[in-house]
Amino acid sequence: MISARLLRRLPQAYRPLFAHRPFRRLLPALAISDLGDGMSMVAVAWLAVQISPPGARGPLIGAAVAAYILPGAIGALLLGRWLRSLPAQRLIRANAWTRALFLGCIPLAWALGILHPALYLALLAGSSLLHAWGGGAKYALAAQVLPAEQHLAANALLSTSTCASTIVGPALAGVLAAAIAPAWIVGLDALSFAALALQSARLGEPDTPAPAGPAPDIRPGEGLRLLRARPELLGLLAVTWLFNLFYGPVEVALPLFVAQDLHAGAGALGLYWAAFGIGAVTGTLAVGTLRNLPLWPVLLCIIAGHGLAMLPFGLHAPAVFSLGGFALGGVVYGPYSALAFKLFQDHTPATLLTTVLALRASVLLTASPVGAALGGPLTTALGARQVLTGTGIAMIFVAACVAALRIRSTKRHQIRTHALPVSDPRS
């Protein structure tokens, strides 16, 4: 329970959020699971380094990162028949138990000496099967229990939890890696999701009024039809997919940049992710206090700004320059998710919100893993430094192209508007 003194110290936009019991009590458990995932950002890649055959580090890291995320897209598409009608809180709980059981098998297999690369990838893939549903359900639950004017602040708080996990999680994993095997760090991630599942079960369902009448019949493909009927949502999804695609190689190239270019260990890798997380928390908390932001200009500036922040990796300079750029990239990137989720919440019916957010997650989940999978051979061929710089250039290019297309579309619309014949009032 948050104290009254601490509540008064919070920015005004965040204070009403803690008046809602399910959101207030579930938030710490979500933060714990985010912390577990933050530790796995280092542990999953570092464990892949340890168990990889000679000469296969890059591809196995890329495959491990992809396996930890990509099957969530398959789960969103194939399991919708059974999951689309479930309440958001039950979806959070189902994802948490799935994550806990599969990730918990990794340290067990390590202890038994049978954690070979194929089994490792299979367990990571199983753990992510409900990832899209669980991730979308968090924001659907916020929209369910909170009024519309509090959605952006709630999104920012949920995104801040994720961003903060990239501060504490990787740093903690870097410290723990000096004392225990990374497999046991993955086991701590499993325990964090078990804690989320237990807390969600204790809370019961949110105390919001149920809709009158029978539960709505959500037909297959209805979420996709809604996206196609709303070009702004579909365009945002496409741009975000490209953004995540070019971010994917970073998760592969950064560990190799630390190991090969800097000749450092897991602690240095954790420091990079912690710097990114500190910046992201700062940016995310700031956007939660704002209102009426111009969506597209802000999102395109975020993409271009993140690309600029990656360019210091190309300098043959002390690590402080690339570390500072990565931190700045976090500041710029932080607000992106909160703003994007707010648009989806505002333009999606409540009965379809979880389905649409799961569909959104399933599409986006294919981007970063594909980028990570490509990052393995690209890093082997070009080098980690070149790949990190190239991702920044690609992000800038995407932002510039989308901005040019939008300017062109706006001008065409203005020309068509002025070209319309004016009716003669005498006719």
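1. The bend at a residue is the angle between two axes, one fitted to the seven residues ending there and the other to the seven starting there. In this predicted model, helix α12 has a kink of about 35° at Ala253, shortly before the proline Pro255.

2. Helix α12 covers residues 231–261, and its end C-alpha atoms are 44 Å apart. At 1.5 Å a residue, its 31 residues should span 45 Å, so the two values agree. Just after α12, His263 takes a positive phi of about 55°.

3. Leu254 belongs to the largest nonpolar core, which has 124 residues. Leu254 is among the members that touch the most others, along with Leu17, Phe23, Ile106, Tyr120, Leu124 and Phe326. Helix α2 (residues 21–51) supplies the largest share of this core, 15 residues. A second, separate core has five residues, including Cys163, Ala274, Ala280 and Val281.

4. Which residues does Leu254 touch, not counting those up to four places away in sequence? They are Leu269, Tyr272, Trp273, Phe313, Phe326 and Leu388. Phe326 is itself listed with Leu254 among the core members that touch the most others.

5. Lys138 lies in helix α8 (residues 131–145). Lys138 is buried yet has no salt bridge. The nearest side chain of opposite charge is Asp34, 4.1 Å away; a salt bridge requires a nitrogen to carboxyl oxygen distance within 4 Å.

6. Asp34 is also one of the contacts of Lys138, leaving aside neighbours within four places in sequence.

Definitions and conventions. Residues numbered from 1 in each chain as written. Predicted model: local features only at pLDDT ≥ 70, side-chain atom pairs only at ≥ 80, totals over all residues. Heavy atoms only, no water. Helix = DSSP H or I, 4+ residues; strand = E, 2+ residues; numbered from the N terminus. Expected span 1.5 Å × (residues − 1). Buried < 20%, exposed > 50% of the residue type's maximum accessible area, 1.4 Å probe, protein only. Lys, Arg positive; Asp, Glu negative; His and termini not counted. Contact = heavy atoms within 4.5 Å. Core = buried A, V, L, I, M, F, W, Y, C linked by side-chain atoms within 4.5 Å.
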